[in-house]
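Please work through the exercises below with the structure in view, and try each task before reading its solution.

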Amino acid sequence: MTFNDIFKSSFLENVASVSILDMALALLLAFGLGTFIFLVYKKTYQGVMYSSSFGTTLIALTMITTVVILAVTSNVVLSLGMVGALSIVRFRTAIKEPLDIAFLFWSIAVGIVLAAGMIVLAVIGSVAIGIILLVFVNRKSHCNPYILVLSCADAASEHGAREFLSQQVQKCVVKSKTAQKGMVELNLEIRMKDDDTDFINALAAMSGVNSAVLVSYNGEYLG
């Protein structure tokens, strides 16, 4: 055993397993595509409160995944150890919006594809996914369902209000009805023909109608 053998380390030998140029290029592309994912997320977000930290997480997740996959592809033994280490990790943060899961998987997939050297696939795939999300998520507001809470004095005024609604909206479905002495309350799901909500003012001014409240919702909270 020579003096050099004493200080010989497999760890030091693996330092140059991935070139500096490959690492810089992969991380730069990961940052660019992660920023693109973040911008699409910001443009298509439709929740109640926007979280800027989640958008930053998408960029970081893309770059972190790229680093991990670069390490895995450079060493087969390391890949087995990485699988075992990641299998014990548990994340308990609740995902409030179902669409957020798609963005998380998108960031991870881009990091994996970039680290595998499939740059064209990562770029074209990200652009295609971004266009699809922008088209389907950002639809016109009148296509979205609304809940109309209608309070009437009696059955006659209820009938007149529903007749008026059937002429003003595209779709009107009764979700629930509460009848009490001197009051009938209806919860109706409606689909408007356009963005004009002036018909609510006319509805509230009708004889026998006590109040009319229009509430927007995403169609998943009420059956």
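**Exercise 1: a pair of helices**

The crossing of α3 and α6 is right-handed, a crossing being right-handed if the near helix is turned clockwise from the far one by less than a right angle, and left-handed if anticlockwise. This is a predicted model, in which local features need pLDDT of at least 70, side-chain atom pairs count only at pLDDT 80 or more, and totals for chains, interfaces and linings use all residues. Residues are numbered from 1 along each chain as its sequence is written, and side-chain values use heavy atoms, with hydrogens and water left out.

Task: Determine how the axes of α3 and α6 are oriented to each other.

Solution. Begin with the axes of helix α3 (residues 20-44) and helix α6 (residues 98-115), which come within 10 Å and cross at roughly 165°. Angles over 145 degrees count as roughly antiparallel, and α3 and α6 are therefore roughly antiparallel to each other.

**Exercise 2: cysteines and burial**

Task: State how many disulfides a search of the whole structure finds, and decide whether Cys 152 is buried or exposed.

Solution. The search finds zero disulfides, where a disulfide is a pair of cysteine sulfur atoms within 2.5 Å. Cys 152 has a relative accessible area of 0% and is buried, whereas Cys 172, at 30%, is partly exposed; buried means under 20% relative accessible area, exposed over 50%, and partly exposed in between, with a 1.4 Å probe and protein chains only. Finally, of the 223 residues of the protein, 27% count as buried.

How values were computed:
Axes are lines fitted to C-alpha atoms, for helices over the stretch in contact, and angles run from 0 to 180 degrees between N-to-C directions. Helices (H or I, at least four residues) and strands (E, at least two) are DSSP runs, numbered from the N terminus. Angles under 35 degrees count as roughly parallel, over 145 as roughly antiparallel, 65 to 115 as roughly perpendicular and the rest as oblique.
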